[in-house]
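Some notes on the packing in this model follow, as numbered points. Please read them with the coordinates open.

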Amino acid sequence: MASILIVPGLAVRSYAVPAAEGLRVDGHTVDLLPAPTWRGVPDELLRYGRWLAERVRASGSPVDLLVGLSLGTQAAAVAALDCDVRRLLLVSPTVDPSRRSRGRLLASWLHGDRHPDSESLGQQAPDWARAGPGRIYRGMMSAIHLPLEDLLPEVSAEVTIVHAGWDNLTSFTYAASLASDGVAQLVELPAAPHSWPIGDIPRFRSLVRDLLST
């Protein structure tokens, strides 16, 4: 079975636990990493990605699939540039150019998904406490200065991008532009939230099976 690493979204990790558990049921070795900005890991996405790459190199084993969720997509892409990653899955990639300002990004992030399957801000509070407001703020600001479109053309891994129809941080136009010119495969999920695969684990497991079979 495959070796899979999952980089959660900024400061939040609990919502990704069911996805990791679902992949373990399929027999994969899955490491759900600490959320970017949590204490013990870098609070800036570029540094987090480099930390992750160093961790993979130290293991001496390739990663069959590296999954980045939300703002974790940027850190995952950084890592894929500098270690042995065979496939890169970016779910709800960030940050859309139209939101690359402090006010717009904060407003979009605090607004939340407003999707029936997504966690409320109150449910995410225990995860946020593991980072603290200062680290969360620094992590969010680092996302503004790390354009994903500058990273992906240099990634040698096979890249798949998932765009969720309810995504309030990334437009379809931006997701499609990231996949243009054959840089990545684009998967559209019209009814899904930004925090996909929450509430949709069977479809996530199916997508991962398809990616690992190629």
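1. Contact here means heavy atoms within 4.5 Å. The model is a predicted one. In these terms, Leu45, Leu46, Tyr48, Gly49, Arg50, Leu52 and Ala53 of helix H2 meet Gln74, Ala75, Val78 and Ala79 of helix H3. By class, the residues of this H2 with H3 contact comprise 8 nonpolar, 2 polar and 1 charged.

2. Helix H2 spans residues 45-59 and helix H3 residues 72-80; their axes come within 7 Å and cross at roughly 45°. The two helices are therefore oblique to each other. The H2 and H3 crossing is right-handed.

3. The largest nonpolar core has 48 residues, of which Leu66, Leu88, Leu152 and Ile161 touch the most other members. Elements giving two or more residues to this core include strand E1 (3-7), H2, H3 and strand E4 (87-91). H3 supplies the largest share, 6 residues.

4. Leaving aside residues up to four places away in sequence, Leu88 touches Leu65, Leu66, Ala76, Ala77, Ala80, Leu152, Val155, Ala157, Glu158, Val159 and Thr160. A second, separate core of 29 residues includes Ala16, Leu23, Ile201 and Phe204.

5. Leu23 lies in helix H1 (residues 17-25). Its relative accessibility is 0%, so Leu23 counts as buried, the cut-off being under 20%. With residues up to four places away in sequence not counted, Leu23 touches Ile4, Ile6, His28, Val30, Phe204, Arg205 and Val208.

6. Leu23 and Val12 are 11 residues apart along the chain, and their C-alpha atoms are separated by 19 Å.

Key: Residues numbered from 1 in each chain as written. Predicted model: local features only at pLDDT ≥ 70, side-chain atom pairs only at ≥ 80, totals over all residues. Heavy atoms only, no water. Axes fitted to C-alpha atoms, helices over the stretch in contact; angles between N-to-C directions. Helix = DSSP H or I, 4+ residues; strand = E, 2+ residues; numbered from the N terminus. Parallel < 35°, antiparallel > 145°, perpendicular 65-115°, else oblique. Left-handed = near helix turned anticlockwise from the far one by under 90°. Nonpolar A, V, L, I, M, F, W, Y, C, P; charged D, E, K, R; others polar. Buried < 20%, exposed > 50% of the residue type's maximum accessible area, 1.4 Å probe, protein only. Core = buried A, V, L, I, M, F, W, Y, C linked by side-chain atoms within 4.5 Å.
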